[in-house]
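Let's take a walk through this protein model together. Keep the 3D view open and look up each residue as we get to it.

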Amino acid sequence: MSARSNARTRHVSLHARGLKLSFGREPILDGVDLSVTSGWRVGLVGPNGVGKSTLLGVLAGRTHPESGSVELTPPSALVGHLLQEHERRADERSLDFLMRRAGVGPAQADLDAATADLANGVTGADDRYADALDRWLALGGADFDTRVGGVCAELGVDHTLLERPMTVLSGGEAARIGLAALLLSRFDLVLLDEPTNDLDADGLQRLEQWVTALDGPVVLVSHDREFLRRTVTHVAEFDEFSHQLTVYAGGWDTYLEEREVAARHERERYEEYADKRSNLQQRSQREREWASQGLSKAKKKQDDNDKFIKAFKIDQSEQLAGKAARTQKALERLDEVEEPRDAWQLHLSFGEAATSGAIVSRLTHVEVRRGQFALGPIDLTIGQGERIAVQGRNGSGKTTLIDVISGRVRPDEGEAYLGPSVVLGELGQARTQLSGEGTLLDAFLRATGWTISECRTLLAKFALGANDVLRSNAELSPGERTRAILALLMATGTNLLVLDEPTNHLDLAAIDQLEVAVNAFRGTVLLVTHDRALLERVQLSRTITMADGRIVSDAAR
(Lines give C-alpha, C1' and ligand atoms only; values in the text may rest on other atoms or scores of the structure.)
Protein backbone atom coordinates (compact mmCIF):
# COMPACT_ATOMS: atom_id res chain seq x y z
CA MET A 1 0.00 0.00 0.00
CA SER A 2 1.52 3.35 -0.99
CA ALA A 3 1.45 5.85 1.84
CA ARG A 4 2.40 8.79 -0.34
CA SER A 5 0.64 8.27 -3.65
CA ASN A 6 0.07 11.60 -5.45
CA ALA A 7 2.02 13.34 -2.67
CA ARG A 8 5.23 15.34 -2.83
CA THR A 9 8.50 13.47 -2.46
CA ARG A 10 11.40 15.56 -1.17
CA HIS A 11 14.23 15.32 1.31
CA VAL A 12 13.16 16.48 4.77
CA SER A 13 15.19 16.72 7.96
CA LEU A 14 14.71 18.02 11.48
CA HIS A 15 17.46 18.98 13.92
CA ALA A 16 16.75 19.64 17.60
CA ARG A 17 19.70 21.05 19.54
CA GLY A 18 20.14 21.74 23.24
CA LEU A 19 16.44 21.60 24.14
CA LYS A 20 15.73 22.53 27.75
CA LEU A 21 12.32 22.57 29.40
CA SER A 22 11.17 22.31 33.00
CA PHE A 23 7.80 21.98 34.67
CA GLY A 24 8.24 23.90 37.90
CA ARG A 25 11.51 22.76 39.43
CA GLU A 26 11.47 19.43 37.63
CA PRO A 27 13.60 19.25 34.45
CA ILE A 28 11.92 17.42 31.59
CA LEU A 29 14.38 18.11 28.78
CA ASP A 30 17.95 18.98 29.72
CA GLY A 31 20.05 19.64 26.65
CA VAL A 32 18.25 17.18 24.38
CA ASP A 33 19.66 16.70 20.87
CA LEU A 34 17.88 14.76 18.14
CA SER A 35 18.34 14.71 14.37
CA VAL A 36 16.11 12.82 11.94
CA THR A 37 16.06 12.75 8.17
CA SER A 38 14.13 11.15 5.31
CA GLY A 39 14.12 7.37 5.61
CA TRP A 40 14.59 7.43 9.39
CA ARG A 41 11.89 5.98 11.62
CA VAL A 42 12.87 6.71 15.21
CA GLY A 43 11.21 4.95 18.13
CA LEU A 44 11.21 7.17 21.22
CA VAL A 45 11.25 5.03 24.38
CA GLY A 46 11.58 5.55 28.11
CA PRO A 47 9.56 5.32 31.34
CA ASN A 48 6.11 6.88 31.56
CA GLY A 49 6.32 10.54 32.50
CA VAL A 50 9.92 10.98 31.37
CA GLY A 51 9.00 13.51 28.67
CA LYS A 52 8.42 11.61 25.41
CA SER A 53 5.10 13.28 24.57
CA THR A 54 6.51 16.63 25.66
CA LEU A 55 9.42 16.24 23.25
CA LEU A 56 7.02 15.43 20.39
CA GLY A 57 5.12 18.63 21.24
CA VAL A 58 8.35 20.65 21.07
CA LEU A 59 9.35 19.07 17.75
CA ALA A 60 5.88 19.91 16.39
CA GLY A 61 6.11 23.52 17.53
CA ARG A 62 3.15 23.18 19.91
CA THR A 63 5.36 23.57 22.99
CA HIS A 64 8.14 26.13 23.22
CA PRO A 65 11.37 25.15 25.02
CA GLU A 66 13.09 27.46 27.47
CA SER A 67 16.24 27.22 25.36
CA GLY A 68 17.54 25.32 22.36
CA SER A 69 16.31 25.22 18.79
CA VAL A 70 14.35 23.07 16.35
CA GLU A 71 15.31 23.50 12.69
CA LEU A 72 13.14 22.05 9.92
CA THR A 73 14.55 21.66 6.41
CA PRO A 74 12.94 22.84 4.23
CA PRO A 75 11.11 25.28 6.52
CA SER A 76 7.91 24.78 4.50
CA ALA A 77 7.80 21.03 5.23
CA LEU A 78 4.45 19.87 6.63
CA VAL A 79 4.64 18.36 10.12
CA GLY A 80 1.88 16.06 11.34
CA HIS A 81 1.61 15.64 15.12
CA LEU A 82 -0.91 12.94 15.98
CA LEU A 83 -1.66 12.94 19.69
CA GLN A 84 -1.89 9.99 22.06
CA GLU A 85 -5.64 10.08 22.71
CA HIS A 86 -8.08 10.95 19.96
CA GLU A 87 -9.91 14.08 20.95
CA ARG A 88 -13.62 13.38 20.56
CA ARG A 89 -15.76 16.49 20.19
CA ALA A 90 -19.50 16.22 20.62
CA ASP A 91 -20.18 18.64 17.76
CA GLU A 92 -17.72 17.04 15.32
CA ARG A 93 -18.73 14.48 12.71
CA SER A 94 -16.38 11.62 11.95
CA LEU A 95 -15.72 13.15 8.53
CA ASP A 96 -14.74 16.46 10.14
CA PHE A 97 -12.49 14.52 12.52
CA LEU A 98 -10.76 12.90 9.55
CA MET A 99 -10.24 16.28 7.90
CA ARG A 100 -8.84 17.79 11.09
CA ARG A 101 -6.48 14.92 11.87
CA ALA A 102 -5.23 14.77 8.27
CA GLY A 103 -4.62 18.55 8.30
CA VAL A 104 -7.04 19.18 5.45
CA GLY A 105 -9.68 20.81 7.66
CA PRO A 106 -7.43 23.57 9.03
CA ALA A 107 -5.87 24.05 5.58
CA GLN A 108 -9.36 24.43 4.05
CA ALA A 109 -10.28 27.02 6.69
CA ASP A 110 -7.11 29.02 5.92
CA LEU A 111 -7.80 28.80 2.19
CA ASP A 112 -11.39 29.97 2.63
CA ALA A 113 -10.27 32.94 4.75
CA ALA A 114 -7.56 33.90 2.25
CA THR A 115 -10.05 33.59 -0.63
CA ALA A 116 -12.48 35.94 1.13
CA ASP A 117 -9.69 38.46 1.80
CA LEU A 118 -8.58 38.24 -1.82
CA ALA A 119 -12.13 38.93 -3.03
CA ASN A 120 -12.34 41.93 -0.68
CA GLY A 121 -9.03 43.37 -1.85
CA VAL A 122 -7.26 43.02 1.51
CA THR A 123 -3.57 43.95 1.32
CA GLY A 124 -1.31 40.90 1.15
CA ALA A 125 -4.21 38.55 0.51
CA ASP A 126 -2.66 37.31 -2.75
CA ASP A 127 0.42 35.97 -0.96
CA ARG A 128 -1.65 34.41 1.81
CA TYR A 129 -3.92 32.82 -0.77
CA ALA A 130 -0.96 31.34 -2.67
CA ASP A 131 0.55 29.91 0.53
CA ALA A 132 -2.81 28.52 1.71
CA LEU A 133 -3.47 26.93 -1.68
CA ASP A 134 -0.03 25.30 -1.74
CA ARG A 135 -0.59 23.86 1.73
CA TRP A 136 -4.11 22.62 0.91
CA LEU A 137 -2.88 20.90 -2.24
CA ALA A 138 0.16 19.41 -0.50
CA LEU A 139 -2.07 17.89 2.20
CA GLY A 140 -4.25 16.28 -0.46
CA GLY A 141 -7.25 18.56 -0.16
CA ALA A 142 -8.07 18.38 -3.87
CA ASP A 143 -8.87 14.65 -3.89
CA PHE A 144 -9.60 14.17 -0.19
CA ASP A 145 -13.28 13.25 -0.64
CA THR A 146 -12.37 10.60 -3.21
CA ARG A 147 -9.64 9.13 -1.02
CA VAL A 148 -11.94 9.02 2.03
CA GLY A 149 -14.26 6.61 0.28
CA GLY A 150 -11.44 4.30 -0.77
CA VAL A 151 -9.70 4.22 2.62
CA CYS A 152 -12.95 3.67 4.54
CA ALA A 153 -13.92 0.81 2.22
CA GLU A 154 -10.45 -0.69 2.70
CA LEU A 155 -10.82 -0.55 6.49
CA GLY A 156 -14.41 -1.75 6.57
CA VAL A 157 -15.75 1.59 7.84
CA ASP A 158 -19.43 1.97 6.96
CA HIS A 159 -19.97 5.26 5.11
CA THR A 160 -22.84 6.10 7.49
CA LEU A 161 -20.30 6.46 10.32
CA LEU A 162 -18.85 9.53 8.63
CA GLU A 163 -21.98 11.55 9.40
CA ARG A 164 -22.17 10.45 13.04
CA PRO A 165 -20.50 12.36 15.92
CA MET A 166 -17.23 10.85 17.14
CA THR A 167 -18.62 10.74 20.67
CA VAL A 168 -21.23 8.08 19.80
CA LEU A 169 -18.83 5.66 18.11
CA SER A 170 -17.78 2.44 19.80
CA GLY A 171 -14.14 1.91 20.72
CA GLY A 172 -13.59 -0.25 17.65
CA GLU A 173 -15.28 2.22 15.32
CA ALA A 174 -13.27 5.12 16.73
CA ALA A 175 -10.05 3.14 16.34
CA ARG A 176 -10.77 2.49 12.65
CA ILE A 177 -11.64 6.17 12.06
CA GLY A 178 -8.37 7.14 13.76
CA LEU A 179 -6.43 4.75 11.53
CA ALA A 180 -8.23 6.13 8.47
CA ALA A 181 -7.05 9.63 9.42
CA LEU A 182 -3.45 8.38 9.41
CA LEU A 183 -3.78 6.68 6.05
CA LEU A 184 -5.34 9.83 4.56
CA SER A 185 -2.63 12.17 5.82
CA ARG A 186 0.12 13.54 3.58
CA PHE A 187 2.58 15.14 5.97
CA ASP A 188 6.28 15.48 5.15
CA LEU A 189 7.32 14.60 8.68
CA VAL A 190 5.16 12.53 11.05
CA LEU A 191 5.16 12.53 14.87
CA LEU A 192 3.09 9.67 16.32
CA ASP A 193 2.16 9.22 19.99
CA GLU A 194 1.03 5.66 20.85
CA PRO A 195 -0.52 5.00 17.42
CA THR A 196 -1.13 1.29 18.12
CA ASN A 197 -3.53 1.79 21.04
CA ASP A 198 -6.89 0.05 20.44
CA LEU A 199 -5.96 -1.24 16.97
CA ASP A 200 -6.77 -4.86 16.12
CA ALA A 201 -4.42 -7.21 14.27
CA ASP A 202 -5.57 -6.03 10.85
CA GLY A 203 -5.23 -2.39 11.87
CA LEU A 204 -1.74 -3.01 13.24
CA GLN A 205 -0.66 -4.59 9.97
CA ARG A 206 -2.00 -1.67 7.93
CA LEU A 207 -0.36 0.83 10.28
CA GLU A 208 2.98 -0.96 9.94
CA GLN A 209 2.70 -0.91 6.15
CA TRP A 210 1.86 2.79 6.19
CA VAL A 211 4.70 3.76 8.52
CA THR A 212 7.35 1.76 6.67
CA ALA A 213 6.20 3.18 3.30
CA LEU A 214 6.55 6.82 4.36
CA ASP A 215 9.25 8.77 2.54
CA GLY A 216 9.77 11.43 5.19
CA PRO A 217 11.12 11.13 8.74
CA VAL A 218 9.00 9.53 11.47
CA VAL A 219 9.36 9.93 15.22
CA LEU A 220 7.01 7.70 17.18
CA VAL A 221 6.29 6.82 20.79
CA SER A 222 5.09 3.27 21.29
CA HIS A 223 5.20 0.54 23.91
CA ASP A 224 4.23 -2.16 21.40
CA ARG A 225 7.47 -4.12 21.15
CA GLU A 226 6.52 -6.06 18.03
CA PHE A 227 5.43 -2.87 16.27
CA LEU A 228 8.76 -1.26 17.15
CA ARG A 229 10.64 -4.31 15.94
CA ARG A 230 8.88 -4.20 12.58
CA THR A 231 8.99 -0.47 11.89
CA VAL A 232 11.84 1.54 13.42
CA THR A 233 15.30 2.11 11.97
CA HIS A 234 16.59 3.91 15.09
CA VAL A 235 15.74 3.98 18.79
CA ALA A 236 16.10 7.12 20.92
CA GLU A 237 16.09 6.24 24.61
CA PHE A 238 15.18 8.84 27.23
CA ASP A 239 17.25 8.70 30.42
CA GLU A 240 15.05 9.57 33.38
CA PHE A 241 18.02 10.85 35.41
CA SER A 242 19.93 12.95 32.87
CA HIS A 243 16.78 13.92 30.88
CA GLN A 244 18.75 13.42 27.69
CA LEU A 245 18.56 11.07 24.70
CA THR A 246 20.83 8.29 23.51
CA VAL A 247 20.22 7.28 19.89
CA TYR A 248 20.88 3.73 18.69
CA ALA A 249 20.97 2.92 14.96
CA GLY A 250 20.00 -0.42 13.48
CA GLY A 251 16.46 -1.11 14.65
CA TRP A 252 14.83 -2.58 17.74
CA ASP A 253 16.78 -5.82 18.16
CA THR A 254 20.09 -4.00 17.70
CA TYR A 255 19.00 -1.46 20.31
CA LEU A 256 18.26 -4.20 22.85
CA GLU A 257 21.67 -5.79 22.28
CA GLU A 258 23.63 -2.53 22.34
CA ARG A 259 21.80 -1.22 25.40
CA GLU A 260 22.68 -4.40 27.30
CA VAL A 261 26.32 -4.16 26.23
CA ALA A 262 26.44 -0.44 27.11
CA ALA A 263 24.93 -1.10 30.55
CA ARG A 264 27.48 -3.85 31.22
CA HIS A 265 30.39 -1.66 30.13
CA GLU A 266 29.09 1.22 32.24
CA ARG A 267 28.94 -1.05 35.30
CA GLU A 268 32.43 -2.43 34.54
CA ARG A 269 33.89 1.09 34.18
CA TYR A 270 32.38 2.11 37.49
CA GLU A 271 33.60 -1.03 39.29
CA GLU A 272 37.11 -0.52 37.88
CA TYR A 273 37.06 3.11 39.04
CA ALA A 274 35.65 2.17 42.46
CA ASP A 275 38.32 -0.54 42.97
CA LYS A 276 41.14 1.80 41.94
CA ARG A 277 39.80 4.58 44.17
CA SER A 278 39.44 2.21 47.13
CA ASN A 279 42.99 0.85 46.68
CA LEU A 280 44.46 4.35 46.46
CA GLN A 281 42.50 5.49 49.52
CA GLN A 282 43.70 2.49 51.53
CA ARG A 283 47.30 2.93 50.38
CA SER A 284 47.23 6.65 51.15
CA GLN A 285 45.82 6.01 54.60
CA ARG A 286 48.36 3.25 55.28
CA GLU A 287 51.31 5.34 54.09
CA ARG A 288 50.21 8.32 56.20
CA GLU A 289 49.89 6.14 59.28
CA TRP A 290 53.29 4.52 58.71
CA ALA A 291 54.93 7.90 58.13
CA SER A 292 53.32 9.38 61.24
CA GLN A 293 54.19 6.41 63.44
CA GLY A 294 57.78 6.16 62.12
CA LEU A 295 58.50 9.86 62.63
CA SER A 296 57.06 9.80 66.14
CA LYS A 297 59.16 6.78 67.12
CA ALA A 298 62.33 8.19 65.54
CA LYS A 299 62.06 11.41 67.52
CA LYS A 300 61.06 9.86 70.84
CA LYS A 301 63.19 6.69 71.05
CA GLN A 302 65.79 7.22 73.80
CA ASP A 303 68.25 4.38 72.96
CA ASP A 304 69.05 5.79 69.51
CA ASN A 305 72.24 7.58 70.60
CA ASP A 306 73.69 7.51 67.10
CA LYS A 307 72.48 10.72 65.50
CA PHE A 308 73.05 9.30 62.03
CA ILE A 309 70.73 6.34 62.68
CA LYS A 310 68.13 8.69 64.11
CA ALA A 311 68.40 11.03 61.07
CA PHE A 312 68.08 8.01 58.75
CA LYS A 313 64.87 6.87 60.43
CA ILE A 314 63.44 10.40 60.26
CA ASP A 315 64.32 10.59 56.57
CA GLN A 316 62.63 7.22 55.94
CA SER A 317 59.48 8.47 57.63
CA GLU A 318 59.52 11.66 55.58
CA GLN A 319 59.88 9.58 52.39
CA LEU A 320 56.80 7.60 53.43
CA ALA A 321 54.95 10.90 53.96
CA GLY A 322 55.98 11.95 50.45
CA LYS A 323 54.66 8.66 49.10
CA ALA A 324 51.37 9.27 50.88
CA ALA A 325 51.16 12.74 49.34
CA ARG A 326 51.83 11.36 45.86
CA THR A 327 49.20 8.67 46.37
CA GLN A 328 46.72 11.35 47.47
CA LYS A 329 47.47 13.37 44.34
CA ALA A 330 46.93 10.25 42.20
CA LEU A 331 43.59 9.82 43.94
CA GLU A 332 42.65 13.43 43.21
CA ARG A 333 43.63 13.07 39.53
CA LEU A 334 41.50 9.96 39.13
CA ASP A 335 38.68 10.66 36.65
CA GLU A 336 35.43 10.19 38.52
CA VAL A 337 32.93 7.69 37.10
CA GLU A 338 29.40 8.01 38.40
CA GLU A 339 27.76 4.87 39.69
CA PRO A 340 25.02 3.69 37.30
CA ARG A 341 21.61 4.45 38.74
CA ASP A 342 18.87 1.88 38.69
CA ALA A 343 15.62 3.10 37.17
CA TRP A 344 12.40 2.77 39.13
CA GLN A 345 10.80 -0.60 38.50
CA LEU A 346 7.24 -1.71 39.02
CA HIS A 347 7.18 -4.87 41.14
CA LEU A 348 3.73 -6.18 40.41
CA SER A 349 1.78 -9.11 41.78
CA PHE A 350 -1.97 -9.57 41.75
CA GLY A 351 -3.70 -10.12 45.07
CA GLU A 352 -5.46 -13.46 45.12
CA ALA A 353 -8.85 -14.11 46.70
CA ALA A 354 -9.97 -17.57 47.84
CA THR A 355 -10.32 -20.10 45.04
CA SER A 356 -13.59 -19.86 43.13
CA GLY A 357 -15.85 -22.80 42.36
CA ALA A 358 -15.10 -25.23 39.54
CA ILE A 359 -17.36 -23.27 37.16
CA VAL A 360 -16.40 -19.61 37.02
CA SER A 361 -18.88 -18.62 34.31
CA ARG A 362 -21.38 -20.30 32.02
CA LEU A 363 -23.26 -18.69 29.14
CA THR A 364 -26.18 -20.64 27.71
CA HIS A 365 -27.73 -19.51 24.40
CA VAL A 366 -26.85 -15.91 25.29
CA GLU A 367 -27.85 -13.11 22.94
CA VAL A 368 -27.30 -9.36 23.38
CA ARG A 369 -28.59 -6.68 21.02
CA ARG A 370 -27.06 -3.20 20.96
CA GLY A 371 -28.48 -1.13 18.14
CA GLN A 372 -27.33 -2.74 14.91
CA PHE A 373 -24.85 -5.01 16.69
CA ALA A 374 -25.89 -8.46 17.91
CA LEU A 375 -23.89 -10.83 20.11
CA GLY A 376 -24.70 -14.50 19.97
CA PRO A 377 -26.09 -16.93 20.37
CA ILE A 378 -23.17 -17.82 22.65
CA ASP A 379 -22.62 -21.05 24.60
CA LEU A 380 -19.50 -20.89 26.75
CA THR A 381 -18.16 -22.44 29.94
CA ILE A 382 -15.11 -21.11 31.80
CA GLY A 383 -13.53 -23.34 34.41
CA GLN A 384 -11.50 -22.41 37.47
CA GLY A 385 -7.84 -21.69 36.65
CA GLU A 386 -8.29 -21.41 32.89
CA ARG A 387 -6.19 -18.79 31.14
CA ILE A 388 -8.07 -17.61 28.08
CA ALA A 389 -7.18 -15.15 25.33
CA VAL A 390 -10.18 -13.56 23.57
CA GLN A 391 -9.24 -12.42 20.08
CA GLY A 392 -10.94 -10.87 17.06
CA ARG A 393 -11.18 -7.68 15.03
CA ASN A 394 -12.42 -4.45 16.57
CA GLY A 395 -16.21 -4.59 16.68
CA SER A 396 -16.32 -8.40 16.72
CA GLY A 397 -17.91 -8.44 20.19
CA LYS A 398 -14.97 -9.12 22.53
CA THR A 399 -15.77 -6.36 25.02
CA THR A 400 -19.50 -7.15 24.97
CA LEU A 401 -18.69 -10.79 25.71
CA ILE A 402 -16.52 -9.73 28.65
CA ASP A 403 -19.32 -7.46 29.89
CA VAL A 404 -21.76 -10.38 29.88
CA ILE A 405 -19.31 -12.73 31.62
CA SER A 406 -18.59 -10.15 34.32
CA GLY A 407 -22.29 -9.46 34.89
CA ARG A 408 -22.27 -5.83 33.77
CA VAL A 409 -24.60 -6.59 30.86
CA ARG A 410 -27.67 -8.79 31.18
CA PRO A 411 -28.44 -10.88 28.10
CA ASP A 412 -31.58 -10.21 26.09
CA GLU A 413 -31.91 -13.94 25.56
CA GLY A 414 -30.42 -16.96 27.31
CA GLU A 415 -28.77 -17.30 30.71
CA ALA A 416 -25.49 -15.92 32.08
CA TYR A 417 -24.12 -17.55 35.25
CA LEU A 418 -21.26 -16.17 37.34
CA GLY A 419 -20.07 -18.31 40.22
CA PRO A 420 -21.08 -16.97 43.67
CA SER A 421 -17.51 -17.17 45.00
CA VAL A 422 -16.01 -15.35 42.00
CA VAL A 423 -14.16 -12.14 42.92
CA LEU A 424 -13.79 -10.07 39.79
CA GLY A 425 -10.72 -7.92 39.18
CA GLU A 426 -10.54 -5.85 36.00
CA LEU A 427 -8.11 -3.70 34.10
CA GLY A 428 -10.62 -2.27 31.64
CA GLN A 429 -10.02 -0.83 28.20
CA ALA A 430 -11.55 2.53 29.14
CA ARG A 431 -9.71 2.69 32.52
CA THR A 432 -12.88 3.99 34.21
CA GLN A 433 -12.20 2.41 37.60
CA LEU A 434 -11.30 4.62 40.54
CA SER A 435 -13.62 7.31 39.23
CA GLY A 436 -16.08 9.35 41.23
CA GLU A 437 -15.86 12.39 43.45
CA GLY A 438 -12.68 13.43 45.21
CA THR A 439 -9.05 12.54 44.79
CA LEU A 440 -7.31 9.35 43.76
CA LEU A 441 -6.51 8.79 47.43
CA ASP A 442 -10.20 9.14 48.36
CA ALA A 443 -11.20 6.59 45.71
CA PHE A 444 -8.47 4.20 46.85
CA LEU A 445 -9.57 4.50 50.47
CA ARG A 446 -13.17 3.69 49.49
CA ALA A 447 -12.15 0.72 47.36
CA THR A 448 -9.74 -0.89 49.83
CA GLY A 449 -10.83 0.13 53.32
CA TRP A 450 -7.17 0.66 54.13
CA THR A 451 -5.63 3.45 56.18
CA ILE A 452 -4.28 6.59 54.50
CA SER A 453 -0.72 5.52 55.26
CA GLU A 454 -1.21 2.08 53.73
CA CYS A 455 -2.78 3.53 50.58
CA ARG A 456 -0.04 6.13 50.15
CA THR A 457 2.68 3.50 50.62
CA LEU A 458 1.26 1.16 48.00
CA LEU A 459 0.54 3.90 45.46
CA ALA A 460 4.10 5.18 45.89
CA LYS A 461 5.35 1.75 44.77
CA PHE A 462 3.47 2.39 41.54
CA ALA A 463 5.22 5.77 41.05
CA LEU A 464 2.20 7.73 42.32
CA GLY A 465 3.67 10.10 44.87
CA ALA A 466 2.34 12.46 47.53
CA ASN A 467 1.14 15.07 45.02
CA ASP A 468 -0.25 12.53 42.53
CA VAL A 469 -2.63 10.90 45.01
CA LEU A 470 -4.25 14.26 45.77
CA ARG A 471 -5.29 14.74 42.14
CA SER A 472 -8.62 13.55 40.78
CA ASN A 473 -8.80 10.52 38.51
CA ALA A 474 -9.71 12.80 35.60
CA GLU A 475 -6.46 14.75 36.05
CA LEU A 476 -4.25 11.66 35.86
CA SER A 477 -2.52 10.72 32.64
CA PRO A 478 -3.57 7.46 30.96
CA GLY A 479 -0.41 5.78 32.26
CA GLU A 480 -1.00 7.02 35.81
CA ARG A 481 -4.60 5.79 35.75
CA THR A 482 -3.45 2.37 34.57
CA ARG A 483 -0.84 2.11 37.34
CA ALA A 484 -3.43 3.15 39.93
CA ILE A 485 -5.78 0.36 38.81
CA LEU A 486 -2.92 -2.16 38.90
CA ALA A 487 -2.25 -1.03 42.47
CA LEU A 488 -5.92 -1.57 43.30
CA LEU A 489 -5.84 -5.10 41.85
CA MET A 490 -2.78 -5.81 43.97
CA ALA A 491 -4.51 -4.46 47.08
CA THR A 492 -7.98 -5.98 46.86
CA GLY A 493 -7.42 -9.48 45.51
CA THR A 494 -9.27 -11.41 42.82
CA ASN A 495 -9.76 -14.92 41.50
CA LEU A 496 -11.04 -13.86 38.05
CA LEU A 497 -8.63 -11.44 36.42
CA VAL A 498 -10.02 -9.64 33.36
CA LEU A 499 -7.43 -7.72 31.33
CA ASP A 500 -8.84 -5.72 28.42
CA GLU A 501 -5.97 -4.17 26.43
CA PRO A 502 -3.77 -4.05 29.55
CA THR A 503 -0.61 -2.78 27.83
CA ASN A 504 -2.19 0.47 26.64
CA HIS A 505 -0.38 3.35 28.38
CA LEU A 506 2.13 1.10 30.20
CA ASP A 507 5.83 1.57 29.55
CA LEU A 508 8.08 -1.31 28.48
CA ALA A 509 9.42 -2.10 31.94
CA ALA A 510 5.89 -2.20 33.39
CA ILE A 511 4.73 -4.50 30.58
CA ASP A 512 7.55 -6.91 31.45
CA GLN A 513 6.34 -6.94 35.06
CA LEU A 514 2.74 -7.41 33.94
CA GLU A 515 3.77 -10.55 32.07
CA VAL A 516 5.50 -11.91 35.17
CA ALA A 517 2.50 -11.11 37.39
CA VAL A 518 -0.04 -12.72 35.04
CA ASN A 519 2.06 -15.87 34.74
CA ALA A 520 2.36 -16.08 38.53
CA PHE A 521 -1.38 -15.52 39.14
CA ARG A 522 -3.13 -18.77 40.13
CA GLY A 523 -6.72 -17.76 39.42
CA THR A 524 -8.66 -17.55 36.17
CA VAL A 525 -7.48 -15.10 33.49
CA LEU A 526 -9.41 -13.53 30.61
CA LEU A 527 -7.05 -11.59 28.36
CA VAL A 528 -8.12 -9.30 25.51
CA THR A 529 -5.10 -7.85 23.75
CA HIS A 530 -3.63 -7.12 20.35
CA ASP A 531 -0.12 -6.99 21.80
CA ARG A 532 1.54 -9.84 19.92
CA ALA A 533 4.54 -10.05 22.23
CA LEU A 534 2.27 -10.29 25.29
CA LEU A 535 0.27 -13.12 23.70
CA GLU A 536 3.49 -15.03 23.08
CA ARG A 537 4.89 -14.60 26.58
CA VAL A 538 1.82 -15.11 28.77
CA GLN A 539 0.97 -18.73 29.57
CA LEU A 540 -2.43 -19.48 28.06
CA SER A 541 -4.56 -22.60 28.06
CA ARG A 542 -7.18 -21.59 25.51
CA THR A 543 -7.89 -19.07 22.74
CA ILE A 544 -11.38 -17.90 21.80
CA THR A 545 -11.71 -16.10 18.46
CA MET A 546 -14.73 -13.92 17.69
CA ALA A 547 -16.18 -12.48 14.49
CA ASP A 548 -19.47 -10.66 13.90
CA GLY A 549 -20.65 -11.22 17.46
CA ARG A 550 -20.11 -14.98 17.49
CA ILE A 551 -17.44 -17.41 18.64
CA VAL A 552 -15.87 -18.85 15.50
CA SER A 553 -13.05 -20.75 17.20
CA ASP A 554 -12.43 -22.11 20.71
CA ALA A 555 -9.14 -23.98 20.81
CA ALA A 556 -6.83 -25.30 23.52
CA ARG A 557 -3.23 -24.09 23.46
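Helix α12 spans residues 440-448, helix α13 spans 452-461, and they pack at about 110° with their axes 10 Å apart. Helices here are DSSP runs of H or I with at least four residues, strands are runs of E with at least two, and both are numbered from the N terminus. The axes are lines fitted to C-alpha atoms, for helices over the stretch in contact, and angles run from 0 to 180 degrees between N-to-C directions.

Who touches whom? On the α12 side, Leu-440, Leu-441, Phe-444, Leu-445 and Thr-448 meet Ile-452, Cys-455, Arg-456, Leu-458 and Leu-459 of α13, where contact means heavy atoms within 4.5 Å.

## Where the model comes from

Heads up: this is a predicted model, so local features need pLDDT of at least 70 and side-chain atom pairs count only at pLDDT 80 or more, while totals for chains, interfaces and linings use all residues. Residues are numbered from 1 along each chain as its sequence is written, and side-chain values use heavy atoms, leaving out hydrogens and water.

## Aromatic pairs

How many aromatic pairs are there? The count comes to 3, using rings of Phe, Tyr and Trp (its six-membered ring) whose centres lie within 6.5 Å; planes under 30 degrees apart are stacked, over 60 edge-to-face and the rest tilted. Tyr-248 and Tyr-255 pair edge-to-face, 5.2 Å centre to centre with 70° between the planes. Ring pairs also link Tyr-248, Trp-252 and Tyr-255 into a cluster.

Phe-350 and Phe-521 make another edge-to-face pair, at 6.2 Å and 85°. Phe-350 sits in the loop between α10 and β10 and Phe-521 in the loop between α15 and β16, so this pair ties together parts 171 residues apart in sequence. Both Phe-350 and Phe-521 are buried (under 20% relative accessible area; exposed is over 50%, partly exposed in between, with a 1.4 Å probe and protein chains only).

## Two buried residues

Leu-534 is part of helix α16. With a relative accessible area of 1%, Leu-534 is buried. Leu-534 and Asp-224 are 310 residues apart in sequence, yet their C-alpha atoms are 9.2 Å apart.

Asn-394 lies in the loop between β12 and α11. Asn-394 counts as buried because its relative accessibility is 11%. Beyond neighbours within four places in sequence, its contacts include Gly-172, Asp-198 and His-530.
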